[in-house]
Structure formats: C-alpha cells, structure tokens
Amino acid sequence: MKVHVDPERCQGHTLCSMIAPEVFQLDEVDGHSTAVIDGDIPAELEAKVIDAIRSCPEQAIS
Amino acid sequence: MSSAETNGERKKNSYHFDRHTPEYRHQFETVTAELVGKCPIAWSDTYEGHWVAAGHKEVFELARSAEYLSNDHDVNNQRKGYKGISIPAPKGTTIQGGFLEMDPPEQRHYRQALNPYLSPAAINRWTPVVDELVRACLDEKIATGRIDFVDDLANVVPAVLTLAMLGVPLKNWSIYCDAVHASVYTPPDSPDMVRVNEGRRAMYMDMFGQLAQIRANPRPGMIDALIRADINGKAPEDMELLGVIALLIGGGFDTTTALTAHALEWLSEHPQERARLSSDRDTLLDSATEEFLRFYTPAPGDGRTISADCVIAGQEFKEGERVWLSWAMSNRDPAVFANPNEVDLARTGNRHHSFGLGLHRCIGSNLARMVFKRMLTAVLDRMPDYQCDPAGAVHYQTIGVIQGMQHLPATFTPGPRTGDGLDDTIARMQAICDEQRLAEPVTVRKASARIAEA
C-alpha cells in the first residue's frame, strides 16, 4: 500500500504521527503532517498506517 | 409552499436542547443517545432558536464546511452582526473572542503568527520546565498524604506554563488562574459574581499592562508575536489583542485542568486500569490520553453562524441561523465508537472531536496533551495508590461551556520531597526562561530548555 496526506485537509491533529512516527512527519512550524515514505509501506508498518488513517479526525490520509 | 410550511419541513426534527442547565449534565448520556440516534441535526427553540448537531458525521461535515460557516463575532456591528461561538452570546460583550471568533483571512494570519510557538516541536522544548513545575506541585503535598488535584496541581501547571509562553512573568499566575476558572464555573446570578468580576478586572488590567510593557520593551513570547503580527496588512489594535490573549489564556487554563481532573478521578475509581496504564504507559499513554479527551471532552462544543443558504449533511440551512456543534455528543456516536459510553484506554481509530475540526482546530492541542501526560505520569509515579474523595469532589454544575471540576481532593501514602517548593521553583523557572529565551518561537530557538541541577 501507498499513503498520502492531503495538505488541504490536514489541520495538524498529529494522531498519525503518534501512531506511526516512522511514516508521518510533522512540520516544525505548524505541525501539519506529510508521509515520508513515497513508495510502498513496509509490511510491518501497514497495520499502524491503517490505524492512523482510521484515526485522522479530518480524514486527510489516503 | 409558504415559508412557514417550508420552515416546518426544514425544522421537523425538533428537540428542546438547553446545554446550560444542570439537567443536561445529569442526563448527558440519555440526551446524547436521543439526539445522535434520532435527530443528529435538530432544531431547538432555546436561545432564540438554533440548530444543534450531535451526530459524528454531521458535526464532521458541518465543521469542515468553512465556506458556509462563520465564527465571526461582530461586536461593533460593522459587518453582518454575527454572534460568534457562544449560544447565547454573552451580554454586553465589547471584545471579540480572539481568532476563534474571526474568519479567514484574519484568523489564518493570527494562527500563522502563533504556530511556531505551539507546534509539537515548539512545545517539546518546554517539557523539562513542565516536569519541574509538576515536581514542585507534588513536593508541596507529598509529605502530607493529602492533595487537591485541581487546586494544587492541575490549576497551577497549565497556568504558569501559559504565562511563560506568552512572555508574562510567571509569578503573576495567581492573578490569572482563579479569575479564569471562577468566571467559567460561577453561575451569572451567583452572589459570588461580584468577587469573580473583580478578579477578571484585575486580570485584564495586568494583561493590558503586559501588552504595553512588551510593546515598549520587547521580550520573547506570544504577546510579542501578536504585537508584530501583520493581520491582513494591518497591525492589530490593543482591544483586539486583548481578545486574542484572553482566548489563549482561556483555552490554555481551564481545559487542561478539566481533562486532568477527570482522568485522575476515573483512574481512582478504576485502580486496576490505573495500574495497567502505569505499567504499560509506553504503549497505552497516547491512546489513553485520546480516550480521556474523547470521553470527557473538556470544551463540549462551539457555535457557528450559517453565512449562506446551503444544504449540509442533508439538512437545509438559511443564512444567519445559528448552529451548535457538539464535540461532546459527537464523541459518543456509536456509528464511530464501539461502546461509546465506556472508557477503553487502548481504543484505536479514535477520531474524536475534542479539539474541534477544520481550520479552527485547537491551536493549543499539542500543549494540552504534553502537559496532561506529564502531570498524569508524575502522579502515577509519586502517588501510585492515591484515592480521590468523592465527598470532596466538586464538578461544575453545568457543562455548557467547560466540563470541568472545581475540587478533587485525594489521599495517598506520603513520600519524601525531592526538591524545592512551588514559589522557589517558579522563580528558578523564570530565570531559566529569561536566560535561555525559552519563549522564542521554534524558528528562532530549537533547543529544549536546560534545567541545571538544583
């Protein structure tokens, strides 16, 4: 699976990075999230990424 | 169809909703189940009539429809006369409630000015200071075996830290602390209101003095950032800035206090869960924090004004109508949260609305989480067998503004002090703030605070 954070929807709730810090990095200035893995998510992180997607209050991760 | 018939059809889901009554607090789960289950968007005749949104999906769609919703509080009647985020709006208000009662672009400009003070990276720098303040609060009581978790801990730390971040002298915290809490929990018709209003006046006087001092002799902090901010091409005036500072203080104080008190009370009632949280904190602390946020929703909702005729979540709205977005009730929607009225410290997929949604997401959320976690874990470490006294616990009579607590006394097995008391610690933290310029934004200062060995 691949993962992307929609910068228009993200409001910096930070739950994704709490759940999967290996995948989601927060901007130093506004705390908004970006996915740092461009390609396929390693299998061992998939469950965490799915939890992060489910947990996003803005539903900004796909 | 006549307009009356159209209105009847539009408002067919009607429900008498008054969140300012004690009955709402006592019947919260019943009222919530009715609204969420039967009419997730309902018309209420209270407060000159307004909509109330309780369903998770409905609140989500409404809160994110910025093009049709306004937060504006037009206190001087210069625009459309909208009433801001409180339903009803407080009588005789002359100050806008900061950027929470503004729309973009001004709202965005304020947040851009403050984000580098409140991002996760900015907040993490303060952790050593918070730990020292928490230690001092607990040391004041640790040898006695008695503490009031509200008065002696959860009121103190958020207040001192918020002032430090603003650039206000830390020792002034008591001027602000009681004034903020008392003005939330005191009913408007209470005889105590005279004293509460005096406290508020003293707070605004100090705030105004700080603003003038920082304007004349700049020192780091959020007040300095506000003075320098370019808000839509203009430098903001003092009255507007007072509203913004009051928002940061109101948002920073009572909410974190409320969350911490409720979590400590729940953990006292569930000692096995407390032991599990303490021993498994590496995996449970984050999810437990989100669960306490969901379950106790310190700020239970926000009002909005519909800024253009629209249909959202299947409901037709007219321009000028008021809407109450209930974060607290949407946090109990069984469509999203299994067993919504149970606390599950390991809950996953916890899309709660406790910090709001969309462009007005609580700007202090990172601060709230950090301070809450440091207070909670310090109590678990130093007072692991604490027992709250239900007879002494005082909850706010109503939960219309903040779901808070006034007192939460507890007893525990006494332990040894490990450092100096609160006043000395606050003086030491002030020196560290000044020397290390801790209140600079993260764009200027990246390093964490350094606390010398006492």
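**View 1. Two salt bridges span the interface of chain A and chain B.** A salt bridge is a side-chain nitrogen of Lys or Arg within 4 Å of a carboxyl oxygen of Asp or Glu. One pairs E58(A) with R64(B), with the closest N and O atoms 2.5 Å apart. The model is predicted: local features need pLDDT of at least 70, side-chain atom pairs count only at pLDDT 80 or more, and totals for chains, interfaces and linings use all residues. Residues are numbered from 1 along each chain as its sequence is written, chains are lettered from A and ligands numbered from 1 in the order written, and side-chain values use heavy atoms, without hydrogens and water.

**View 2. Chain A and chain B bury about 1800 Å² between them.** Buried area is the accessible area (1.4 Å probe) that two parts lose on being put together, summed over both. Carbon and sulfur atoms hold 51% of it. In chain A, M18(A), E28(A) and V29(A) lose the most area to chain B, together 29% of what that side buries. Contact (heavy atoms within 4.5 Å) joins 20 residues of chain A to 25 residues of chain B.

**View 3. Helix α10 (residues 173-185) of chain B crosses helix α13 (residues 238-269) of chain B at roughly 75°.** Helices are DSSP runs (H or I, at least four residues), numbered from the N terminus. Their axes, lines fitted to C-alpha atoms over the stretch in contact, with angles from 0 to 180 degrees between N-to-C directions, come within 10 Å. α10(B) and α13(B) are therefore roughly perpendicular (65 to 115 degrees). Y176(B) and H181(B) are among the α10(B) residues that meet α13(B), whose partners include F253(B) and D254(B).

Conventions
Helices (H or I, at least four residues) and strands (E, at least two) are DSSP runs, numbered from the N terminus. Angles under 35 degrees count as roughly parallel, over 145 as roughly antiparallel, 65 to 115 as roughly perpendicular and the rest as oblique.
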